[in-house]
Amino acid sequence: MLQLSFGRRSLPIFTLCTLGAALVLSLSLASPVQAQTAATPAAPNPAAKDAPKDAAKATPREAGKDAAKASSKDAGKDAAKAAPKPAAAAEGDAAAPATSALPRVLLVPQQETTLVSQLVGRINSLSGSIGSSFRSGQPIVRMDCSENEAKLRISEAEFNSAKENLDAKQRLFQLRAAGETEVSIATSALEKARAQIEYARTQTRLCTIPAPFAGRIVKLHAREFQSVNVGQPIVDIVSSGPLKARLNAPSKWLAWLKTGTRFEIAIDETGKTYPATVIAINGRVDAVSQSIEIEGQIGGTFAELLAGMSGSARFAQAQ
């Protein structure tokens with residue numbers, strides 16, 4: 001067998017031929033695959049084809065939307081600046097309703113006051129609640145008067161003692177057993193005791209608070225069995241009978257407005273009109289509002305009218 005030697009190794013000729021044939025075969029198989037791969041074109045990418053179209057479509061649409069938005073905003077601003085006021089609104093501002101020019105009127109009672117406590121003590125009873133009517137002189141508040149009544153009895157006892165002492169001094173003076181100084185001192189003690197009785201009676205009368213006029217209770221500041229201090233409010237009362245009307249009229253009306261001028265009052269709460277007469281005009285004009293305060297008297301007694309109602313005054317001379 002033939003052999004070839006490569007350096008120190010030697011291979012048979014048959015083995016070398018077999019290796020050469022295998023190498024040639026492998027090269028011949030690989031060449032057509034590479035040629036086919038090079039000749040086959042790349043498959044198109046649908047996303048790559050559509051991307052330019054979408055970009056081309058999206059660009060003009062978005063640009064158009066942005067331009068339309070900007071144009072509408074600018075146009076709206078320009079239109080808002082250039083648009084005139086509606087004719088109805090302008091006419092409403094220029095000519096207000098005739099009723100708004102009428103002076104506003106507030107109904108007030110002839111008399112009103114707040115009854116307060118004149119001593120420190122506890123309230124035993126109240127004659128009524130909110131809205132209750134009362135007569136003039138009727139007790140509205142009754143206080144616990146046990147302490148003041150006890151002081152009155154003490155003062156009466158001291159007075160009796162002082163009187164007995166004075167009588168004794170006067171008898172002794174007649175018998176020349178007492179001097180004039182002793183009689184004078186006894187007389188002063190008697191006067192002092194008499195004054196203490198008057199003071200105790202006054203304090204006792206303060207335990208009852210009568211109504212200074214006929215009217216109604218409008219507010220309670222304290223309740224029964226509540227302890228109060230001197231000067232603490234207990235109840236608010238208003239008088240019954242015809243009400244007064246207070247209003248501020250334009251000062252230029254003083255050219256014809258006098259005491260006794262008749263006018264009408266339209267009350268909002270009742271929806272009715274009532275006659276009234278001017279009974280008082282303030283002696284000073286308000287320099288800021290150029291108005292004058294006026295008081296009017298409602299002509300008659302109307303059961304539906306209450307203090308605090310309001311309305312409008314109508315003067316025939318002002319129309």
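The legends below describe close-up views of one predicted model.

Residues are numbered from 1 along each chain as its sequence is written, and side-chain values use heavy atoms, with hydrogens and water left out. Because the model is predicted, local features need pLDDT of at least 70 and side-chain atom pairs count only at pLDDT 80 or more, whereas totals for chains, interfaces and linings use all residues.

**View 1. A closed barrel of six strands.** The barrel runs in the order β3-β12-β15-β14-β13-β16, and the pairing is antiparallel. From one strand to the next, the twist averages 40°. Angles run from 0 to 180 degrees between N-to-C directions, and axes are lines fitted to C-alpha atoms, for helices over the stretch in contact. Strands (E, at least two residues) and helices (H or I, at least four) are DSSP runs numbered from the N terminus. Two strands pair if DSSP finds at least two bridges between them.

View 2. Strand β3 covers residues 104-108 and pairs with β16, residues 310-314, through three antiparallel bridges. With β12, residues 244-250, β3 forms four bridges, again in the antiparallel sense. L106 has a bridge partner in β16, S310, and another in β12, R246.

**View 3. Strands β12 and β15.** β12 runs antiparallel to β15, residues 291-298, and seven bridges join them. L247 has I294 of β15 as its bridge partner.

**View 4. An open sheet of four strands.** Here the order is β8-β7-β5-β10, with antiparallel pairing. β8 and β10 (227-228) are the edge strands, each with a single partner strand, so one side of each has no neighbour in the sheet. Within the sheet, β5 (residues 121-126) and β7 run antiparallel and are joined by three bridges. L126 stands opposite V141 of β7.

View 5. A disulfide is a covalent bond between the sulfur atoms of two cysteines; the criterion used here is a pair of cysteine sulfur atoms within 2.5 Å. The structure holds one such link. It joins C145 to C207, with an S to S distance of 2.0 Å. The link of C145 and C207 is right-handed, with 70° about the S-S bond. C145 lies in the loop between β7 (139-143) and α4 (146-174), and C207 in the loop between α5 (180-205) and β8 (208-210), so the pair ties together parts 62 residues apart in sequence. Both C145 and C207 are buried. Buried means under 20% relative accessible area, exposed over 50%, and partly exposed in between, with a 1.4 Å probe and protein chains only.
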